[in-house]
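Thanks, everyone. Please keep the display in view.

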Amino acid sequence: MSAFLNKLKVTLALVACSASFIAAAQDKLTVGVDTAFVPFEFKQGDKYVGFDIDLWDAIAKKMHVSYELHPMDFGGLIPGLQSRNLDVAMAGITITDARKQVVDFSNGYYDADLLMAVKSDDNSIKKFSDLTGKKVGLKQGTAAASFMKSKYKANYVEFPNIDNAYLDLQAGNLDAVVHDSPNVLYYVKTAGDGKVKASGENDTILPQQYGFAMQKNSSLTPKINAALQALRADGTYSKIYVKWFAKQPK
């Protein structure tokens, strides 16, 4: 009988260990990220950095959860949530009614609009209406791409990676690139190397907010919102914002 009890104890211990391991594995969130959207997320050496990366890390600490980043193209993020391969997605994702039909969003954490990047010596494109008949680069699958194609008639070329659109602009293969304002401004300031400038600052055409995306009806949504609120209250959000944009949030 004692041999049986000993075997039963071992079995129960193994079950408990297994359950504990499964719980631990489930506590580690899978976070999809498009790592080609500076200054929100990008790779620097062998490390992922950016505003979203820092903000999400602070949120995860508030929630006491661990996570693993899964780099992928922007177009794979929402399908990854729908297929339940991702728990969270971040990439400066614009909150739209269409997307809210299939995924959850956190409260908005960044306000943006659209801007144009043009060659520094090009004074013919000052307003978005000036793009008529021009060759314009867009990032595939974005709210910006959908909006521009529905609003302005131009010869659009879509890129999986916006960096390639900027390179084509510098090479003279495009007349302009349209993308979210913080990305355009960061590119002009850094890799633009004086050859590219921002245009269209006086046009407010697509005010938008970025949010973290989750699976539909996710239990994470209220927890992430609570963490975001706490980070705003304790000043952490402002510190991260100033680090990446050199100004206080509105």
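Alanine 154 sits in the loop between α5 (143–151) and β11 (155–159); helices (H or I, at least four residues) and strands (E, at least two) are DSSP runs, numbered from the N terminus. This is a predicted model, where local features need pLDDT of at least 70 and side-chain atom pairs count only at pLDDT 80 or more, while totals for chains, interfaces and linings use all residues. Residues are numbered from 1 along each chain as its sequence is written, and side-chain values use heavy atoms, with hydrogens and water left out.

Buried means under 20% relative accessible area, exposed over 50%, and partly exposed in between (1.4 Å probe, protein chains only). Leaving aside neighbours within four places in sequence, alanine 154 is in contact with Leu131, Gly133, Lys134 and Val136, contact meaning heavy atoms within 4.5 Å. Lysine 134 is 20 residues from alanine 154 in sequence, and their C-alpha atoms are 5.4 Å apart.

Next, the sheet that includes β11. Its five strands are ordered β11-β10-β12-β9-β13, the sheet is open and the pairing is mixed; two strands pair if DSSP finds at least two bridges between them. β11 and β13 are at the edges with a single partner strand each, so one side of each has no neighbour in the sheet. From one strand to the next, the twist averages 30°. Axes here are lines fitted to C-alpha atoms, for helices over the stretch in contact, and angles run from 0 to 180 degrees between N-to-C directions.

Inside that sheet, β9 (residues 114–119) and β12 (residues 176–180) run antiparallel and are joined by four bridges. Leucine 115 stands opposite histidine 179 in β12. Helix α6 (residues 162–170) packs on the sheet and touches β9, β10 (135–139), β11, β12 and β13; its direction makes about 150° with that of β12.

Now charges. A salt bridge is a side-chain nitrogen of Lys or Arg within 4 Å of a carboxyl oxygen of Asp or Glu. How many salt bridges does this rule give? The count is six. One of them pairs lysine 139 with aspartate 34, with the closest N and O atoms 2.4 Å apart. Lysine 139 is in strand β10 and aspartate 34 in the loop between β1 and β2 (36–37), 105 residues apart. Lysine 139 is buried, at 2% relative accessibility, and aspartate 34 is buried as well, with a relative accessible area of 5%.

Lysine 62 and aspartate 234 also form a salt bridge, at 3.0 Å, N to O. Lysine 62 is in helix α2, and aspartate 234 is in the loop between α8 and α9 (236–245). Lysine 62 is partly exposed at 38%, and aspartate 234 is partly exposed at 39%.

The two helices also pack on each other. The angle between α2 (residues 51–63) and α8 is about 105°, and their axes are 9 Å apart. That makes them roughly perpendicular, a label that covers 65 to 115 degrees. Among the residues that meet there are Leu55, Trp56 and Ile59 in α2, and Ile224, Ala227 and Leu231 in α8.

Last, aspartate 203, in the loop between β13 (196–199) and β14 (208–210). Aspartate 203 is buried but has no salt bridge, and the nearest side chain of opposite charge, lysine 127, is 7.0 Å away. For charge, Lys and Arg count as positive and Asp and Glu as negative; His and the chain ends are not counted.

Notes: Parallel < 35°, antiparallel > 145°, perpendicular 65-115°, else oblique.
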